[in-house]
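Morning, everyone. Please bring up the sequence and the structure on your screens. I'll talk you through a few spots.

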Amino acid sequence: MRRWTIGILACLMLVATASWMQRTQIYPRTDHGIDEDLLYLPNENLITHFTAGLSGVLADLLWIQTISYASEEFNSKEKKFTWLQHMVATVTRMDPYYEDAYATGGMMLAALGQDDRALPLLQRGLVNLPRSTRIPEELVSIYLLNRRKDPGAAAMTLHYMNILAQNSSQPQYYIEWMDRIRRSNSLEGEARRVWLDLFQSSTDDFVRDLARAQIAALDAESAVQILNKAVADFVEQNDSPPQSIDQLLRFLGDNAPQLYQELGEFYIDDDHVVRSSLLDVRSADRRKRSILAKIDNYFKRNGAFPESLDALLEANPDLNLQHPRAAYRWRYDPSTGNLTDEPIPPGNGSTAPPIAADSG
């Protein structure tokens with residue numbers, strides 16, 4: 001027992017040392033970058049080499065910290081998730097057979113709209129754990145939830161669902177599911193089923209909260225589609241657009257969607273398009289994370305943050321800096337690389353494009 005304790009303490013000392021070295025090498029002349037609370041984050045290559053087989057123990061400890069970090073960010077106002085991908089990748093490199101890290105990590109990244117990071121993680125996990133059921137479940141979820149409108153999404157869903165059926169002790173459930181998709185050649189309606197099953201089956205409060213949020217987003221998206229179709233029907237019958245959501249709901253009568261509280265506020269914008277505040281905020285959060293990732297890459301390449309968002313756009317011509325919410329704009333602080341959004345002040349014109357604004 002004493003040798004085990006000494007070994008764990010030695011590992012923790014190596015973690016602290018490797019983290020300090022990593023920070024001083026990456027950020028030698030700046031105070032920007034790593035939050036002080038994350039100084040424990042190890043260089044997984046050093047830890048794996050020096051821990052004499054105890055890297056799996058450290059992977060367990062880091063995974064607990066990863067879940068805690070993700071939960072705190074999920075409940076925070078900023079929802080930056082700056083270190084989530086790096087933390088999940090570190091855990092899986094320290095323990096390449098850590099199924100929970102692949103599955104839950106991939107699920108969290110996908111829920112944040114980071115499919116380009118979630119898919120390689122999950123695919124690598126499936127190579128290392130070819131008999132897993134949880135990993136192909138998450139791959140199926142990504143194509144159902146985030147990429148169901150992409151060309152070839154149905155084929156990819158069926159591919160991973162076939163693997164899931166082969167690995168499952170109850171393959172008939174997935175075979176019937178595949179038959180449903182083949183008959184409809186569509187993934188609409190199946191996405192909600194995935195998150196609802198996760199919400200009902202998971203014992204983890206964070207995962208249940210995440211699933212509940214995804215279900216609400218799907219229901220909001222469905223309601224927006226129904227209401228926008230109703231707008232067109234309303235205009236055809238009345239030669240004028242509806243003036244409010246309540247008027248539109250009365251027009252639909254018994255066919256109106258249920259707009260429960262978690263779906264946020266629904267409104268009709270100046271172009272007579274129905275929008276949801278929940279979907280607006282989600283779109284803004286995802287756009288913000290995309291821009292922040294480009295700012296971080298710029299800092300790593302140049303050793304300084306871009307002096308303006310225009311400078312960032314020059315380095316990334318394909319970057320979309322438009323704010324998804326019509327009455328909002330970005331505000332950028334070049335001294336910290338921080339990005340926030342703010343309402344466009346009255347008098348600037350609510351119909352003006354939500355352009356990015358530098359602070360100062």
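Start at the hairpin, which is formed by β3 and β4. Keep in mind that this is a predicted model. How many residues lie between β3 and β4? Four. Look at G337 in that turn: its phi is positive, about 75°.

Now the strands themselves. β3 covers residues 328-333, and β4 covers residues 338-343. In which sense do they pair? Antiparallel, over six bridges. Find Y328, and opposite it, in β4, you will see P343.

Next stop, D219. This residue belongs to helix α11, which runs over residues 205-238. Is D219 buried or exposed? The relative accessible area of D219 is 15%, and the cut-off for buried is under 20%, so D219 counts as buried. And what does D219 touch, leaving aside residues up to four places away in sequence? R192, Y260 and L263.

Last topic, confidence. The average pLDDT of the chain is 78. A score of at least 70 is reached by 78% of the residues. Where is confidence lowest? In helix α1, residues 2-26, with a mean of 37. Helix α12, residues 245-252, has the highest, at 93.

Two stretches call for care. Residues 1-40 stay under 50 in pLDDT. The model gives them 51 contacts beyond four places in sequence. Residues 349-360 are also below 50. That stretch has 33 contacts in the model beyond near neighbours in sequence.

Notes. Residues are numbered from 1 along each chain as its sequence is written. This is a predicted model: local features need pLDDT of at least 70, side-chain atom pairs count only at pLDDT 80 or more; totals for chains, interfaces and linings use all residues. Side-chain values use heavy atoms; hydrogens and water are left out. Two strands pair if DSSP finds at least two bridges between them. Helices (H or I, at least four residues) and strands (E, at least two) are DSSP runs, numbered from the N terminus. pLDDT is the predictor's confidence in each residue, from 0 to 100. Contact means heavy atoms within 4.5 Å. Buried means under 20% relative accessible area, exposed over 50%, partly exposed in between (1.4 Å probe, protein chains only).
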